[in-house]
Amino acid sequence: MQNSDVITHDVIVVGAGLAGTWAAMTAAENGVKDVAVLSKIHPLRSHSGAAQGGIAAVLNNVRPVAGTGPRGPLEQIPPGDDPVDSFDLHMFDTIKGSDWLGDQDAIEIMVKDAPDVVIQYEHMGCVFSRTKDGRINQRRFGGHSAPRANFSADRTGHVLLHTIHEQALFHNVKFYSEWYVMDLIIEDNITRGVVAINVLTGDIKMLRAKAVMFGTGGYGQAFKVTSNAYANTGDGVALAYNAGAPLMDMEFVQFHPTGLYRHGFLMTEACRGEGGYLINKLGERFMKKYAPDKMELAPRDLVSRSEQIEINEGRGVMEDGQGIYLDMRHLGREKIMSRLPEVRDLAIAFAHVDPIEDPVPIQPTAHYSMGGIPTTVDGEVLANANGDLITGFYAAGEVSCVSVHGANRLGTNSLLEASVFGRRAGRAIAEFVKGGAKLHPVPGDPAEKNRKMVQQLFDNDGTELVEDIVQDLKTTMTNKVGIFRDEEGLKSALDEIHNLQERFKNIRVMDKSKRFNTNLSMTLEASHLLTFSELIAAGALNRQESRGAHSRTDFPKRDDESWLKHTMAHKDEDGRPKFSYKGVTIYWDRFPPQERKY
Ligand SMILES: Cc1cc2nc3c(=O)[nH]c(=O)nc-3n(C[C@H](O)[C@H](O)[C@H](O)COP(=O)(O)OP(=O)(O)OC[C@H]3O[C@@H](n4cnc5c(N)ncnc54)[C@H](O)[C@@H]3O)c2cc1C
């Protein structure tokens, strides 16, 4: 290996969203001098910055006005008055939302760390929306029994990401912007570093570190209609799996009920949190049939399924009947302008509809990846279902599965998860590095191996184009591994994915240049999509029950007897997935499984 090709840091964080940046900033704050963050896109374009609705934490700043019922208007709680919210309630809502698949020890930590993390954001200068008396304002969100979404209008993620990014710069974290990580090097269960391509120059380098942390985000781009950024191609899960790490609960993919019709861009759940209605072709608020109590604020899995049933039974709107209306007109101009300005702009720009005047056509959109790299509550990556660890490898945020969301995530719990567990991973990494962690030798020359792989891709005189393969994959995943699933569809999806993996071998990269070669990065991303999509479909086929976002029409009931357990997928010697299962941590005396009704 030539020395000029090797870059060395104490800690390498891959991903500049909330999880990665929190980990990097906290490790630096706790005394690690040499921390670097790699991001394949500009750090501030990470998908965290697109989050709209809010970040959950029990602060007890607002409550419904007395006598107006749980959905009545909100007012600030005068100092000294009884609280309406509690840690137990936030835990219970999250556990019920997860359909009892969330690990309750991790959920407890997330809920109890939440107020502190939000206050830390505030002290770092984050501009939250306020109540009249100057406290952080809170709004309602789906599946939460009290108003506990702390927000900055409908650009919460933007505000949080800028705040934490500034702090990372302040603590001298080095950012490598537009560096694409293409390989993770783990040997003998010890993490050695990563191989990355500098997108601007095309140079491929080995980056060595004592600890590597993944905060690479979710995998929504495997689906045709998605709220996710183009960058959310699940690179992190695929790289970890290829390097020998297991992946957990990959079959659980959340569909958000209100993606803009055809585009999938998110109309935040805050639209319904602020009081918006869902209406079918007949003008009915159909949620009264499916969730008479929570109505539009039932959790996302349930609302998306209800919409899909309305659409499938011919009560959808728009020419093809594939839409539903999100009606916010009754909220009035002032509320829409002050609380939901960004979604109004989105609706005007892309659907040519002003929500102040007209209902907005929406449809379910692939939104969140519950599955991912299994970790401890300190971000340490598990090597197997027994709880052994991979030395020096950490993960947090959407790429990870700790697991706080189980089978279905509640809105606003994800910015929280990325912040809480990013921060905890940062602390654990600092301890690990300061405790005498070593820079382990790198076997062979991984950078050269990856250079050859890229050269082979360029030399490949194939006939397949990456965009065709990705489009075919998205269609398969949406039609057969989407909101509703069954054995026949999942088997045929697996066949199609295997076929696409074969077609990928015959790929032709049209652009052979070195600088800013997006054709090459799309090709690498496509290989990742093909890797983990197989795990989603295979995990879903194995799981013969319906739980949270995983809904099998041929097994419509939840089956705790056989399936109250996490799926773990490992790569076999022959490259095929091998499955094992891991128990769920449940506080049997406090939150035992019950039927999930809203
Ligand atoms: C439109 C939208 C709205 C949302 N609203 C909310 C909300 O209101 N409340 C809430 O709690 N949650 C919300 N979520 C979910 C939440 O925003 C995400 O789950 C969370 O921000 C993920 O953060 P992260 O740090 O894990 O990853 P991300 O913010 O997605 O960051 C991933 C990072 O990894 C980098 N990366 C990935 N692959 C590579 C690679 N191969 N090489 C180098 N770098 C790589 C990317 O460049 C990026 O910097 C929303 C999600 C979406 C899509």
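Reader: Where is arginine 262 found?

Author: Arginine 262 is in the loop between strand E13 (253-260) and helix H6 (270-273). Helices (H or I, at least four residues) and strands (E, at least two) are DSSP runs, numbered from the N terminus. This is a predicted model: local features need pLDDT of at least 70, side-chain atom pairs count only at pLDDT 80 or more, and totals for chains, interfaces and linings use all residues. Residues are numbered from 1 along each chain as its sequence is written, and side-chain values use heavy atoms, with hydrogens and water left out.

Reader: Is arginine 262 buried or exposed?

Author: Arginine 262 counts as exposed because its relative accessibility is 58%. The cut-offs are under 20% relative accessible area for buried, over 50% for exposed, and partly exposed in between (1.4 Å probe, protein chains only).

Reader: What about the phi of arginine 262?

Author: Positive, about 75°, although arginine 262 is not a glycine. Threonine 412 also has a positive phi of about 75° and is not a glycine.

Reader: Where does threonine 412 lie, then?

Author: In the loop between E20 and H11. Threonine 412 counts as buried, at 5% relative accessibility. Serine 403 is found in the loop between strand E20 (400-401) and H11. The peptide bond from valine 402 to serine 403 is cis, with omega near -10°.

Reader: Switching to packing. At what angle do H3 and H11 pack?

Author: About 90°, for helix H3 (residues 104-123) and helix H11 (residues 413-434), with axes 9 Å apart. Axes are lines fitted to C-alpha atoms, for helices over the stretch in contact, and angles run from 0 to 180 degrees between N-to-C directions. H3 and H11 are therefore roughly perpendicular. That label covers 65 to 115 degrees; under 35 is roughly parallel, over 145 roughly antiparallel, and the rest oblique.

Reader: Which residues make the contact?

Author: From H3, they include Ile109, Met110, Val117 and Tyr121; from H11, they include Leu416, Val420, Phe421 and Arg424. Contact means heavy atoms within 4.5 Å. The residues of this contact divide into 9 nonpolar, 3 polar and 5 charged.

Reader: Now the core. How many residues has the largest nonpolar core?

Author: It has 78 residues, and among those with the most contacts inside it are Leu38, Phe214 and Phe393. Helix H15 (residues 518-542) gives the most to this core, with 12 residues. A nonpolar core is a set of buried Ala, Val, Leu, Ile, Met, Phe, Trp, Tyr and Cys residues joined through side-chain atoms within 4.5 Å.

Reader: What does phenylalanine 214 touch?

Author: Not counting residues up to four places away in sequence, its partners include Val14, Leu184, Val194, Ile373 and Phe393. Apart from that core lies another, of 58 residues, with Met25 and Ile164 among them.

Notes. Ala, Val, Leu, Ile, Met, Phe, Trp, Tyr, Cys and Pro count as nonpolar, Asp, Glu, Lys and Arg as charged, and the others, Gly among them, as polar.
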